[in-house]
Amino acid sequence: MSIELGDVENIAHLARLHLSNEEKQEAAGSISNILALIDQMQSVDTDNVEPLAHAFDAVQRLREDVVTESNQRDELQKIAPETEEGLYLVPKVIE
Amino acid sequence: MEWETVIGLEVHVQLSTASKLFSGTSTEYGAQPNTQASIYDLAMPGTLPVLNTEALRMAVKFGLSIGAEIGKKSVFDRKNYFYPDLPKGYQTSQLDYPTVGKGELVINMEDGSQRTIGVTRAHMEEDAGKSLHEDFHGKSGIDLNRAGTPLLEIVSEPDMRNAKEAVAYLKKLHSIILYLGISDGEMSQGSMRCDANVSVRPKGTTKLGNRTEIKNINSFRFVEKAINIEVERQIDIIEDGGKIEQETRLYDADKNETRSMRSKEVANDYRYFPEPDLLPIVIDDAYIETVRATLPELPDVKKQRFQDQYGLSEYDAMVLSSDLASANYFEAVVDTCDDAKLSANWVMGDLQAYLNKEEISIVNSIVSAKVLGGLIKRITDNTISSKIAKTVFEAMLAGEGDADSIIESKGLKQVTDTGAIEKMVDDVITANPDQVQQFKEGKEQVIGFFVGQIMKASQGKANPGQVNKMLKEKLSK
């Protein structure tokens, strides 16, 4: 299976990546190779194999429901490009 | 053509944990902006999620309350999209292996009928922050206090056929989550939010029409209005020969209309994949049974018990059991006065009227259940009439004390002394010879006039039963 330039452009847009024409060509080739490998893996019979959600064969440890973090807004906002009244400011977004 | 409406609801319930889903940051409502947004919530590199055990317990508890399959192995996934109130660039959610699987909810309609609505699933996910678009010199302000707050998204089957059923479903869900104590359910604060998937199809057909998703419905009243207006819009388009576009629409309560949100954008493609930073969540039967043991008596069971134990009508039992706080209050009133029917009448009548007027909830009532029970006790033991009880209740609302002290200080005790009543009856009969004549001529309804005069003379304190009896005896002589 190979993917077209249009597919690369779509994926790049979703990931908010800007790619030059050259990079798009390169990405199309690399992704096609990856898909070919996946096709090959798909041909293995996995009917009796349970789906794996994680590469480690382990289960999640849980955390007690207690507040352990304190307010560090002043420290954290020092590294933000712009803040006002405690808010982080970003270029205008509106639906 | 006749149309049939098909509705499915997606309800987000904010779980009332002390800390966030994946971090130890406080979830308290109303804090100053970004004072509850720590490094994990801000998606600082190197930070990792650790699941909150309480959020999991609450999700399982909800699942058990609706008889749902519980996922013994649930998996978190990343739902990828970009928005400034989502610092990580993905929302951690559950796609293929949610904690709660198929279940069902019985809804109660106003006419007393019931319907069963399927619940497809309920999954845990984290909330996003808030964007403020006003007054920042052309920029948007971001508050990430809410980012990472645990949500349970409860997805229904497209089983509802009109807006009223959708409201009934939402109310039942609201009632259950408050019974379970897993959320405060405050719609005005966003603790419970509802999106509605709405489509129409010719009546009698089974194929689903194209649906739209209506967002931003934040009260029970708006759910009904938003769905009705959207149904109307869809039918108009189809009858004019058009097609419904599958899209997300926003409900505008001020204009009572829905409008398209992002029709021009590329269709959503969230590119879900298993969250590599979290291992599968595995629970066993023992855990599930431990949680099951904590389930309270649920609304439908309580409703039946109220009918059986207290002899309440189905309607009264339903109203009182639908809200846990009201149910508890009612039972505390009955405990004090031992008259369930009168207790139900007072809680649903005068007390509810006061709560509605002041817009407060029953837990904040100035008149406690014990005090109201004390008042009802004085009605049942004939110390005061029902009419005087209303005067006493008004005084209670004004903070003048409990029933006994108000009755005492205002001198409202019912006159049951036969001698005193007899004197009043005699006086009224003597003073109104014309009416006495009318009565003797067979105009029996004139007795109402006499009762009125006597109640007036006694300032409402005469026992109406005694007055009636005595009047009849004397006038018939």
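1. Which residues line the largest cavity? In this predicted model, the lining consists of Tyr40(B), Asp41(B), Asp85(B), Leu86(B), Pro87(B), Lys88(B), Glu126(B), Asp127(B), Ala128(B), Gly129(B), Ala147(B) and Gly148(B). The volume of this largest cavity is about 80 Å³. A search of the whole structure for cavities of 30 Å³ or more returns one. Sorted by class, the lining of the largest cavity holds five charged, five nonpolar and two polar residues.

2. On confidence, chain B has a mean pLDDT of 92, with 98% of its residues at 70 or more. The scores for the model are ipTM 0.90 and pTM 0.85.

3. Asp41(B) has a relative accessible area of 5% and is buried. Lys20(B) is buried too, with a relative accessible area of 0%. Over all chains, the search of the whole structure finds 39 salt bridges.

4. A contrasting case is the salt bridge between Lys410(B) and Glu400(B), at 3.2 Å from N to O. Lys410(B) sits in helix H11 (residues 403-410) of chain B and Glu400(B) in the loop between helix H10 (386-397) and H11, so this pair ties together parts that are ten residues apart in sequence. Are these two residues buried or partly exposed? Lys410(B) is partly exposed at a relative accessible area of 40%, and Glu400(B) is partly exposed at 42%.

5. Some salt bridges share partners: Glu230(B), Arg233(B), Glu247(B) and Arg249(B) are joined in this way into one network. Glu247(B) is buried, its relative accessible area being 15%. Arg249(B) also counts as buried, at 7% relative accessibility.

6. The strand S12 (residues 247-252) of chain B pairs with strand S13 (residues 257-260) of chain B in the antiparallel sense, over four bridges. One of the residue pairings puts Leu250(B) against Arg259(B) in S13(B). The hairpin of S12(B) and S13(B) has four residues between the strands, and Asn256(B) there takes a positive phi near 50°.

7. An open sheet of three strands in chain B has the order S4-S3-S14, with antiparallel pairing. The edges are strand S4 (90-93) and strand S14 (273-274) of chain B, each of which pairs on one side only. Strand S3 (residues 77-80) of chain B is joined to S4(B) by four bridges and to S14(B) by two. Towards S4(B), Asp77(B) has Ser93(B) as its bridge partner, and Lys79(B) has Gln91(B). Towards S14(B), Arg78(B) stands opposite Phe273(B).

8. Which way do the residues of S3(B) point? In general, side chains in a regular strand alternate between the two faces of the sheet. In S3(B), Asp77(B) and Lys79(B) point one way, while Arg78(B) and Asn80(B) point the other way. All of these residues are buried.

9. The second largest pocket has a volume of about 1,800 Å³. Its lining has 48 residues, of which Lys171(B), His174(B), Phe220(B), Ser322(B) and Asp323(B) are the closest to its centre. By class, the lining of this pocket divides into 21 nonpolar, 14 polar and 13 charged residues.

10. Which element supplies the largest share of the lining of the second largest pocket? The helix H2(B) does, with nine residues. The elements of chain B that each supply at least two lining residues are strand S5 (103-108), helix H2 (163-180), helix H3 (220-239), helix H5 (299-310), helix H6 (314-322), helix H7 (324-337) and helix H8 (340-358).

How values were computed
Residues are numbered from 1 along each chain as its sequence is written. Chains are lettered from A and ligands numbered from 1 in the order in which they are written. Side-chain values use heavy atoms; hydrogens and water are left out. On a 1 Å grid over the protein atoms alone, a cavity is a set of points where a 1.4 Å probe fits but cannot get out, and a pocket is an open set with protein on both sides within 12 Å along at least five of seven lines; lining residues have an atom within 4 Å of a point. Grid points are joined across faces, edges and corners, and a volume is the space filled by probe spheres set on the points. Ala, Val, Leu, Ile, Met, Phe, Trp, Tyr, Cys and Pro count as nonpolar, Asp, Glu, Lys and Arg as charged, and the others, Gly among them, as polar. A salt bridge is a side-chain nitrogen of Lys or Arg within 4 Å of a carboxyl oxygen of Asp or Glu. Buried means under 20% relative accessible area, exposed over 50%, partly exposed in between (1.4 Å probe, protein chains only). pLDDT is the predictor's confidence in each residue, from 0 to 100. Two strands pair if DSSP finds at least two bridges between them.
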